[in-house]
Each structure stands twice: as structure tokens, then as C-alpha cells.
Amino acid sequence: MGHYLVTGAAGFIGARTSQMLIEQGHTVVGIDNMNNAYDPRMKEHRLKKLQALDGFQFIRDDISERGIINRHSAIVDRKFDGVINLAARAGVRYSVEDPWVFLESNVTGTLNMLEICRQHGCRKFVLASTSSIYGANPPYPTPETASSSEPMQPYAASKKGAEAIAHSYHHLYDIDVTVVRYFTVYGPAGRPDLAMFRFVKWITEGEPVRIYGDGQQSRGFTYVDDIARGTIAALKPLGYEIINLGGHEVVTINGLVEMIEELTGKQAKVQYGPPNLADMFTNQADVSKAREMLGWNPQVNLREGIANLIAWYNEEREWAKEVLTL
Ligand SMILES: NC(=O)c1ccc[n+]([C@@H]2O[C@H](COP(=O)([O-])OP(=O)(O)OC[C@H]3O[C@@H](n4cnc5c(N)ncnc54)[C@H](O)[C@@H]3O)[C@@H](O)[C@H]2O)c1
């Protein structure tokens with residue numbers, strides 16, 4: 001069985017990926033700095049579940065600090081079969097306010113994780129990237145060959161930098177790299193700074209549902225379990241490949257609100273505001289490469305996935321209703 005390093009392990013995708021690896025019989029060292037980019041109670045909730053599992057070891061540290069490469073025995077003493085680098089500052093809008101922190105975590109952090117591979121003999125690196133990298137006017141559905149050279153915000157630019165530094169380590173040190181470009185991911189214990197969690201909370205609690213623009217913008221959504229499965233499949237040796245993951249089921253923001261209204265049986269109090277210039281109007285992935293190379297087939301459709309998120313919210317409602325959705 002394998003031994004893996006997962007960064008961003010208390011994060012939305014990292015927690016589910018770590019859990020799935022452990023369920024498959026692997027062991028996981030998880031790193032997270034538990035920052036407050038969004039309400040840390042969500043991270044603590046996910047981490048607590050992981051820490052109850054045999055085979056999970058946690059390091060609280062910052063991947064952007066160079067010292068992380070050598071200061072933990074769990075990193076230095078036992079060779080990893082793969083590093084899955086999910087830790088990042090995520091979020092298009094906040095990257096406009098504080099680009100520095102995005103460059104530190106996403107570029108320097110990726111460099112440090114590649115150095116862990118180089119210095120400690122790990123041959124496989126999986127890097128989380130983003131659909132935001134495709135800029136303003138890609139073809140839809142977007143294939144991996146679409147231009148990623150015109151990022152619209154520091155977030156996308158930082159992921160481009162991370163992909164590029166990973167490529168250079170592949171070239172120089174023959175580290176096998178798979179870049180997975182995620183589209184919009186959702187599911188139980190999802191990020192409270194993203195639409196899906198906020199809408200479920202706001203509609204359930206009868207709070208106003210704030211929408212940027214007229215709600216006609218759309219997103220290709222993918223359930224977190226499908227993303228975790230694809231991320232784990234990306235651990236296989238491939239050389240250097242960039243693979244879209246998710247974003248195949250497209251719905252408008254208004255359509256999403258309607259679906260949540262139906263599934264919760266509650267009516268949304270929608271408030272439309274000005275559009276956000278850092279946002280893309282739509283995204284939709286061409287996932288044929290993921291199907292061919294990873295044998296990836298998403299299994300959870302949008303309705304079922306949202307129902308799971310609502311069920312999770314209702315179970316955790318006592319504390320989840322207090323989670324900040326700024
Ligand atoms: N959720 C999506 O829809 C989506 C879409 C595209 C790309 N991504 C990418 O997928 C990855 C995981 O995203 P997520 O949605 O789980 O986000 P998340 O914010 O829930 O998870 C990221 C985790 O990394 C940790 N982290 C951030 N900077 C760190 C640092 N310097 N050192 C240590 N830990 C640090 C955070 O505390 C957090 O727990 C990210 O790289 C993100 O850019 C996510």
C-alpha cells in the first residue's frame with residue numbers, strides 16, 4: 001500500500017482525498033496551516049474526522065516556508081509514493097485584494113513541495129490547478145490545449161506559475177507530474193466562500209441570497225467524491241500531463257438557486273448586485289482527456305450531490321449555521 005503526502009489536508013478537496021486514500025488502505029501525512037482565508041471551523045471539522053482515522057498523521061505548518069522541506073521527521077524519514085499538492089490560497093476575488101499571499105502559498109509553496117520530492121526521493125507529484133487559468137474567452141467546452149497565457153487575476157497567474165515550476169522539475173529531475181485543473185467543486189463540508197455552500201445555508205436559514213450580476217452566469221459543477229477519485233487516479237505515472245477534472249455539468253446560478261429551493265422546500269430571497277469583474281461568465285470543461293488517461297467517469301449528478309450537501313448541512317446545522325459566509 002502507498003504512503004502519500006497531501007497538502008491542504010484540512011481543506012475541502014484535501015480532506016476528502018485523504019479520507020479516500022486511507023479507505024483504500026494507504027497511509028497519509030497531511031499538512032495544513034489552518035489559515036483563516038475562510039471560517040476555520042470548517043477546517044477543524046474536516047480535520048477532526050481525519051484524525052479519527054488510523055493511517056493519518058497531521059502536520060500543522062506552512063508550505064510556503066522553506067524550512068518545511070526538512071524540519072519534520074514525518075517528511076524526512078519515510079519516502080512518499082506521491083505528493084498531492086492541494087494547499088493553496090484559492091478564490092478569485094480575494095486574490096485581487098492580497099496577491100502576495102497567493103504567490104507565497106501557490107508558487108513558493110509548490111516549489112517547496114517539489115523540493116520535498118527532489119530531496120527525499122519521491123517520484124510523483126500531483127498539482128491542483130484551476131479552470132480560471134483559461135482566461136476570458138476560451139472555447140467551450142474547454143480542452144487542456146486552450147490558451148492559459150492570459151490569466152485574469154493573481155489567483156490564476158499563481159497557478160500558472162505553479163504549473164510552470166512543476167514542469168521545470170519534471171524536466172530537470174524527472175519527477176512525474178500530473179496537473180489536475182479543477183473546475184467548480186461542491187459537496188458536503190464545502191467551502192463557505194463559494195456559491196453552493198452559501199446558497200444552501202442562506203436558503204435554509206431564510207437569509208438573503210446575494211448574487212453577483214443577473215444570475216445568468218453559469219458554472220460546470222463536479223461533486224467532491226468524483227474529484228477526489230480523479231485526483232487519486234492522477235497518481236499513476238504519466239510523464240508531465242495537464243488534465244481537466246470536473247466542470248462537465250453546467251448550470252446557471254439562477255438554475256442552481258431553483259434546484260436548492262426544490263430540494264430544501266424553501267424559497268430563496270434573491271438579491272442581485274453588480275457583477276464581479278474578476279469572475280468569468282461561464283466555465284465548462286472538455287473532460288475527454290481525463291476519461292482516456294485516467295479512466296475517469298463522474299458518478300454523482302448535480303441533483304444527487306446537492307441533496308447530499310443539504311443532508312450534511314442539516315446534520316451539522318447547529319454549528320454550520322454560524323459559519324461565516326462573507
Ligand atoms: N474548490 C474548487 O472549486 C477548486 C477549483 C479549482 C481549483 N481548486 C484548487 O484545489 C485545491 C484545493 O481547493 P479547496 O477547494 O479544497 O480549497 P481549501 O481552501 O478548502 O483548501 C486548501 C487548504 O490549504 C490550506 N493552505 C493554504 N495555504 C497554505 C499554506 N501556505 N500552507 C499550508 N496549508 C495551506 C488551507 O488552510 C486549506 O485548508 C487548491 O489548490 C485550489 O486552488 C479548487
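Five elements each supply at least two residues of the shell around the ligand: helix H1 (12-23), strand E2 (27-32), helix H5 (99-120), strand E5 (124-130) and strand E7 (184-186). Helices (H or I, at least four residues) and strands (E, at least two) are DSSP runs, numbered from the N terminus. This is a predicted model, in which local features need pLDDT of at least 70 and side-chain atom pairs count only at pLDDT 80 or more, while totals for chains, interfaces and linings use all residues. Residues are numbered from 1 along each chain as its sequence is written.

Staying with the ligand, 28 residues surround it, and the closest are Gly8, Gly11, Phe12, Ile13 and Ala88. Near here requires a C-beta atom, placed from the backbone, within 6 Å of the molecule. H1 gives the largest share of the shell, 3 residues. By class, the shell has 13 nonpolar, 10 polar and 5 charged residues; nonpolar covers Ala, Val, Leu, Ile, Met, Phe, Trp, Tyr, Cys and Pro, charged covers Asp, Glu, Lys and Arg, and polar covers the others, Gly among them.

Next, His26. His26 sits in the loop between H1 and E2. Its C-alpha is 18 Å from that of Gly8, and the two are 18 residues apart in sequence. Leaving aside neighbours within four places in sequence, His26 is in contact (C-beta atoms, placed from the backbone, within 7 Å) with Met1, Gly2, His3, Tyr4 and Leu21.

Last, helix H8 (residues 224-233) is mostly covered, with 8 of its 10 residues buried. Among them are Asp226 and Arg229.

Note on methods. A residue is buried if 20 or more other C-beta atoms lie within 10 Å of its own, exposed if 12 or fewer, and partly exposed in between; C-beta atoms are placed from the backbone. Two residues are in contact if their C-beta atoms, placed from the backbone, lie within 7 Å.
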